[in-house]
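Colleague: I would like to learn how to read a protein model step by step. Could you take me through some features slowly?

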Amino acid sequence: MLQPKLDIREITKNYGNSAALLPTSLEVATGEFLTLLGPSGSGKTTLLMMIAGLTPASGGRILLDGHDITLQPAHRRDIGVVFQNYALFPHMNVFENVAFPLRLRRKSDAEIRAAVNRALGLVRLDHLSQRLPRELSGGQQQRVAFARAIVFNPQLILMDEPLGALDKKLRDELKLEIRKLHGELKKTIIYVTHDQEEAMLLSDRVVLMNQARIEQIAPPVELYERPATPFAAAFIGESNLLDCVVTPEGKLRLDDVTLDTSNTGLLPASGEVTVLLRPERIRPSADGALRGTVTDLIDLGAMRRLTVELEGGRSLTVTTLGGGMQLGLGARVCLAVSPEDVVPLAPVAAGRGK
Ligand code: ADP
C-alpha cells in the first residue's frame, strides 16, 4: 500500500484486567470502504471509538495521512462520525444540525450555505432543511447524520452500525444509498456492523473480528470462498465444517471417503484438519463419492435445503435450487463436490494474531 490514509499500529484497549482490544495493526487505503464485522463484544466499537478519539487507547499509535493523532482530541481530528442513534441536536433544524461542524470551524455564512446545501442534496433532503429532527422519519434523521458527517469534507468517515435502529426495508434502501454516496464522494469510510450482508454489499475489504482481535482481513468474496479459520467459515454464510484426516500420502479422508481438493497448499503435512464445504457447492450426482440418506427437507421456494446423513454417520446440509431434482425424505443420494470447493481451514490456534 502507498501511504495509507489510516495506519493503526499495535493499538490496544484494556478495561481493568480485561482486553476490549488486543494489540491490533491495520492499514486503510485512501478511498477504501473498510468494514469491521463481528459478533457483539468482539471489539469493533472500541476500535472505531479509538480512531474517532472518543475512547483513549491503552497503547499503540494511530496515524492519519502520516500524522500521529493518537493523543489528539476528537474535535481536532479531521474525521466525520455517524452513530446508530443519529445524535442530532433536537432543538436545531436540519440545516443547523448539518451546519454545526462548519460553525465549530468558524466558516463564513456563504461557505456554510453552499456546503450544507451540497451535503443535503447528496442525501436528497434539500427540501426538508427547515424541519426539526422530531418532524423526520428515522431514515431521514439518519440521512441528516450522514450529511453532518460529510459536510466539512473530512479525511475519514466512521460509521457505527448506522442502520441498526431502522427497519429492514429502510436498511436495505439506505445500504444502497451509502454505497452510492461512497462511489460519489470517494472518501475513506470505516463502517461497523454485525450484519454480514451489509458487510458483503458495501465493503472493499472486511475486517472480521472475534474476541478482541482480528480473525481475518479480506475482500468479501475471498472471505466467503477462502475463510482462513473455522470461525470465519461459520460466521460468513452457511457452512459444513468436517473434521478430516490427512493421510501420510497427502490424501484428505472423510471417514472412508477420499475428498479431492485443489487447495493442497492449505493442507497440513499430516494429522487432522477441518474442511469447509458450502451447502450450495454440494450437488446430487450419480458418481458422487459421498453417499447418504435424506433425513430432512425444507422447501424454501427458490431453494431447497436438505439434511443428508452420510454412511459414516455425519450430517451434511445441502442446498439445491428449487424445481430441480425431486429428492424425497428417506431417499438415498450420492453427493459430489468440485475439488476447488473443498477448503481446508487453519486450526484455530494458527489463525490467531494474524
Ligand atoms: P462490539 O462493538 O464488537 O460489540 P465493543 O467494542 O463494544 O464490542 O466491546 C468489546 C469488549 O469491551 C466487550 O467485552 C465489552 O464488554 C468491553 N467494554 C466496552 N466498553 C467498556 C467499558 N466502558 N467498560 C468496560 N468494558 C467495556
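This is a predicted model: local features need pLDDT of at least 70, side-chain atom pairs count only at pLDDT 80 or more; totals for chains, interfaces and linings use all residues.

Colleague: How many residues does the largest nonpolar core have?

Modeller: A nonpolar core is a set of buried Ala, Val, Leu, Ile, Met, Phe, Trp, Tyr and Cys residues joined through side-chain atoms within 4.5 Å, where buried means under 20% relative accessible area, exposed over 50% and partly exposed in between, using a 1.4 Å probe and protein chains only. Here the largest core has 36 residues, and those with the most contacts inside it include Val-98, Phe-146 and Met-159. Among the elements that give it two or more residues are α2 (94–104), α4 (138–150) and β8 (188–193); helices (H or I, at least four residues) and strands (E, at least two) are DSSP runs, numbered from the N terminus. The largest share, six residues, comes from α4.

Colleague: Is Ile-190 buried or exposed?

Modeller: Ile-190, found in strand β8, counts as buried because its relative accessible area is 1%. The C-alpha atoms of Ile-190 and Val-81, which lie 109 residues apart along the chain, are separated by 9.6 Å.

Colleague: How do the axes of α2 and α4 cross?

Modeller: Two packed helices are described by the angle between their axes and the distance between the axes. Axes are lines fitted to C-alpha atoms, for helices over the stretch in contact, and angles run from 0 to 180 degrees between N-to-C directions. The axes of α2 and α4 come within 7 Å and cross at roughly 30°, which makes α2 roughly parallel to α4 (under 35 degrees counts as roughly parallel, over 145 as roughly antiparallel, 65 to 115 as roughly perpendicular and the rest as oblique). Val-98 of α2 and Ala-147 of α4 are among the residues that make the contact.

Colleague: Which residue in β19 is the bridge partner of Thr-293?

Modeller: Two strands pair if DSSP finds at least two bridges between them. Strand β16 (residues 290–299) pairs with β19 (residues 332–337) in the antiparallel sense over four bridges, and the partner of Thr-293 is Arg-332. Seven bridges also join β16 to the antiparallel strand β17 (residues 303–310), and in their hairpin, which has three residues between the strands, Gly-301 takes a positive phi near 85°.

Technical notes
Residues are numbered from 1 along each chain as its sequence is written. Side-chain values use heavy atoms; hydrogens and water are left out. Contact means heavy atoms within 4.5 Å.
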